[in-house]
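Please look at the sequence and the structure together while I speak.

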Amino acid sequence: MTDTPVDQMSFEQAMSELETVLGQLERGDVALDESIALYERGAALKARCETKLKEAEEKVAAITLDGDGAPTGTTPVEGL
C-alpha cells in the first residue's frame, strides 16, 4: 500500500492499488487485523474509482453536439 491519501489518487493509482489489495485478500496470507485494514482501504479505493469514473462520465455527457452530431464544445458540469 502507498502512503498517498486515497482522495488524492488518480483513477489509475487507485485502481492499481485496489488490485494489489484484492490480491492480498484473495491469497489469505495476512493476519486478521491486517485483513480488516486492507478491506477498509479497498473500500475507500473502490469509492475513489467510482467517483473518478462518475466525473469522467459527466464530462463526456457535457460534450455538446451540433445538428450533424459533431462535437462543438463542452457544457460546464456543476461541481467540477
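Predicted model: local features only at pLDDT ≥ 70, side-chain atom pairs only at ≥ 80, totals over all residues.

Lys 46 has a relative accessible area of 45%, so it counts as partly exposed. The side chain of Lys 46 meets that of Glu 50 in a salt bridge, with 2.7 Å from N to O. Both residues belong to helix α2 and lie four residues apart, about one turn of the helix. Glu 50, for its part, is partly exposed, and its relative accessible area is 45%.

Why can such a pair form? Side chains of opposite charge can pair when their charged atoms come close.

Let me describe two others. Glu 55 and Lys 52 are joined through their side chains in a salt bridge of 3.3 Å, N to O. These two residues are three residues apart in helix α2, so about one helical turn separates them. Glu 55 counts as partly exposed, at 23% relative accessibility, and Lys 52 is partly exposed as well, with a relative accessible area of 25%.

Next, Glu 58 forms a salt bridge with Lys 54, and their closest N and O atoms are 3.2 Å apart. Being four residues apart in helix α2, Glu 58 and Lys 54 are again separated by about one helical turn. Glu 58 has a relative accessible area of 27%, which means that it is partly exposed.

I now turn to how the helices are arranged. Helix α1 covers residues 11–27 and helix α2 covers residues 32–61. Their axes come within 9 Å and cross at roughly 150 degrees. Helix α1 is therefore roughly antiparallel to α2, since angles over 145 degrees count as roughly antiparallel. The crossing of α1 and α2 is left-handed.

What lies between the two helices? Gly 28 has its place in the loop between α1 and α2. With a relative accessible area of 53%, Gly 28 is exposed. Gly 28 and Glu 17 are eleven residues apart along the chain, and their C-alpha atoms are separated by 17 Å.

Let us follow the chain to Ala 61, which is in helix α2. Is Ala 61 buried or exposed? At 63% relative accessibility, Ala 61 counts as exposed.

Ala 62 has its place in the loop between α2 and β1. Ala 62 counts as buried because its relative accessibility is 9%, and buried means under 20%. In sequence, Ala 62 and Gly 73 are eleven residues apart, while in space they are 8.6 Å apart, C-alpha to C-alpha.

I finish with strand β1, which spans residues 63–65 and contains Ile 63. Ile 63 is partly exposed, with a relative accessible area of 39%. Which residues make the nonpolar surface patch of about 280 Å²? The patch is made by Val 60, Ile 63 and Leu 65. Ile 63 can belong to such a patch because residues in patches need over 30% relative accessible area, and Ile 63 has 39%.

To review: helices α1 and α2 cross in a left-handed manner, and Lys 46 and Glu 50 meet in a salt bridge. Ala 61 is exposed, whereas Ala 62 is buried. Thank you for your attention.

Notes
Residues numbered from 1 in each chain as written. Heavy atoms only, no water. Patch = residues over 30% accessible without salt bridge, like charges linked within 9 Å, V, L, I, M, F, W, Y side chains within 5 Å. Areas by Shrake-Rupley, 256 points an atom, 1.4 Å probe, with all protein chains shown as cover. Salt bridge = Lys/Arg side-chain N within 4 Å of Asp/Glu carboxyl O. Buried < 20%, exposed > 50% of the residue type's maximum accessible area, 1.4 Å probe, protein only. Axes fitted to C-alpha atoms, helices over the stretch in contact; angles between N-to-C directions. Parallel < 35°, antiparallel > 145°, perpendicular 65-115°, else oblique. Left-handed = near helix turned anticlockwise from the far one by under 90°.
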